[in-house]
Every structure is written in C-alpha cells, then in structure tokens.
Amino acid sequence: MSDAPARRGSRIQQLVWDRRARSWDHHGVTGLAKVIEAVLEHAPVEPGATAVDLGCGTGALSLPLAERGAAVTAVDLSRAMVELLEEKANRAGIGGVTGVVAPVEHLRLPPGSVDLVVTNYALHHLRDGDKQAVVRSAASWLRPGGRLVIGDMMFGRGATARDRAIIGSKVMVMVRRGPGGWWRLAKNVARYTFRLQERPVSMDTWTAYLRDAGLGDVQAVPVVAEAAVVVGTKPRTPPGAAAPAQDAASARS
C-alpha cells in the first residue's frame, strides 16, 4: 500500500504547526504547565545523559533537560518550532540541544543509544498503530535502566468511569458557554468520533503499549483534567534471560 496519504497528512500537520509556532509559548504551553512539570518530575537525568524529546515544540521539555546536563535530541515535524527552540537555547546560553525536523513516527535511532525518551502532548495526534510503533521504537532506543515518559491527554470513548467523567465535564463546560460552546461541542464530537486530528487513548491503553514493548515498572499517573503521565523503564535483564549467577560465597551462605 502506498504511504502517499500518510506523507500528505504529515505535510499538512507540518504547515499547521509552523503557523502556530510563534504564538505557541503564549497560548499552547501555559495550560500544560502541570503536565510538563509532571513529565520532568518523572524524567530524572544526570549530567552527560542522552535524551530524546518527541514532538519537542518550542522546548518545554528539551530546554530544562539540557539545563540539567543532558544531551537532548529535540524532534518535531515543524521546522518553525525547532528553529524557535534553537533560538531560545542560544539566547539562554543552553548547549547540548540538537534539533531534528521529522515526523516522530519516522525517527530512527541506534538501539540502546539513549537514557531517556520523553514526549508531551504530541502522540495523541498519531494513529493508534503509529502510537504503538513509536513506543516500540523508543523502547529499543533505551539503554537498560533507561526510561520512557509520556505526558498526554489520556481518555477513551467512555468505557471507564474516568473516561465518562472527563467527557461529561467537557460537555458541561461547552454547554454553559451558549451557542458558541454548542458549535464547538459539535465540532469536537465529530473530531473525536471520526478521529480526524486528535486521537487520544486511555491510560490503560498506554500502559498496555509500554508493557507490550517490553518495558517494566510501568505506571500511569493522572495529572489534571484529561491529562496523565505514563512511565516505563527498560529492564536491566532482558525478559526470559537468567539473572546473574550468585558468586560461590553467596551461594554457600
């Protein structure tokens, strides 16, 4: 099957995010401050660590990680976003950030080459199969003990009590806004029903994606409203491998 439609979709998304780049810090990141804080809280790095930020935007995660001493590969399909991130890094005197313009689902890195992969409010735009593929890729890039941290809107179509509470809350907010809110509600219903732009999945689904990719110590943490963080760690011992043998003295004790 031809991948031309997918490429056209990526190009359209690139143009959309290029247009939003200059206003993103003022209108996009402010409402995500708690999620950004939660992702960073679950993404400890030591000086000299290597990190990848998928859907980096203007650097809400990349720049703090670089300030802590990590070498960060910042990936976004929007060239304007990446260029603005690099401008901000230069103005602040922050080194160690390498910008890459590419759809995150097309990124290729050597296996076992990074200590940390993070992403915030980017992956819900992907189709579900691409979400799973990105998680599998990220798991392969991690060194043993490395961590994947995903912050995003995480809810399904009403299968769980949390889903229903989130959907009900959003509906009530828009209904109270009158005709303008009703129109926005209708657009959102169509968008989520047909999964045209935003394709969120539940915390349970994300948890399953990480476990299926071979990550361990997987946990999902609600943050605010529909937002949550899911974390997984690359096992130091591959699944199915024998644990290191005890030395003779320990074995006799």
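Where is the place of Arg 127? Arg 127 sits in the loop between S4 and H5, and point 3 below returns to that loop.

1. Basis of the note. The structure is a predicted model, in which local features need pLDDT of at least 70, side-chain atom pairs count only at pLDDT 80 or more, and totals for chains, interfaces and linings use all residues. Residues are numbered from 1 along each chain as its sequence is written, and side-chain values use heavy atoms, with hydrogens and water left out.

2. The chain as a whole. Nine helices and seven strands are found in the protein chain. Helices (H or I, at least four residues) and strands (E, at least two) are DSSP runs, numbered from the N terminus. Of the 253 residues in the protein chain, 42% are buried. A residue is called buried under 20% relative accessible area, exposed over 50%, and partly exposed in between (1.4 Å probe, protein chains only). The accessible surface of the protein chain is about 13,500 Å², and carbon and sulfur atoms account for 55% of this surface. Such areas come from the Shrake-Rupley method with a 1.4 Å probe; for residues, only the protein chains shown count as cover. Contact here means heavy atoms within 4.5 Å.

3. The loop between S4 and H5. Strand S4 covers 114-120 and helix H5 covers 128-141, and His 124 is placed in the loop between them. His 124 has a relative accessible area of 3% and is therefore buried. The side chain of His 124 makes a polar contact of 2.6 Å with the side chain of Asp 152. A polar contact is a pair of N or O atoms within 3.5 Å; within protein, one must be able to donate a hydrogen and the other to accept it, and residues adjacent in sequence count only if both atoms are side-chain atoms. Arg 127, in the loop between S4 and H5, has 52% relative accessibility and so counts as exposed. Along the chain, Arg 127 and Glu 198 are 71 residues apart, while their C-alpha atoms are separated by 8.9 Å.

4. Two positive phi values. Most residues other than glycine have a negative phi. Tyr 121, although not a glycine, has a positive phi of about 50 degrees. Tyr 121 belongs to the loop between S4 and H5 and is buried because its relative accessible area is 15%. Asp 217 also has a positive phi, near 50 degrees, and is a residue other than glycine. Asp 217 lies in strand S6, residues 216-224, and is exposed because its relative accessible area is 66%.

5. The second largest pocket. What volume does the second largest pocket hold? The space in the second largest pocket is about 160 Å³. On a 1 Å grid over the protein atoms alone, a pocket is an open set of points where a 1.4 Å probe fits, with protein on both sides within 12 Å along at least five of seven lines; lining residues have an atom within 4 Å of a point. Grid points are joined across faces, edges and corners, and a volume is the space filled by probe spheres set on the points. The lining includes Pro 44, Asp 115, Arg 143, Pro 144 and Arg 236. S4 and strand S5 (142-153) are the elements that give two or more residues to this lining, and S5 gives the largest share, five residues. By class, the lining has five nonpolar, two polar and five charged residues. Ala, Val, Leu, Ile, Met, Phe, Trp, Tyr, Cys and Pro count as nonpolar, Asp, Glu, Lys and Arg as charged, and the others, Gly among them, as polar.

6. Pro 144 lies in strand S5. Pro 144 and Arg 236 are 92 residues apart in sequence, yet 4.5 Å apart in space from C-alpha to C-alpha. Leaving out residues up to four places away in sequence, Pro 144 touches Lys 234, Pro 235 and Arg 236. Arg 143 is also in strand S5, and its 31% relative accessibility is why it counts as partly exposed.

7. Thr 73. Strand S2 (residues 71-76) holds Thr 73, which counts as partly exposed at 22% relative accessibility. Beyond its neighbours within four places in sequence, Thr 73 is in contact with Ala 51, Val 52, Asp 53, Thr 98 and Val 100.
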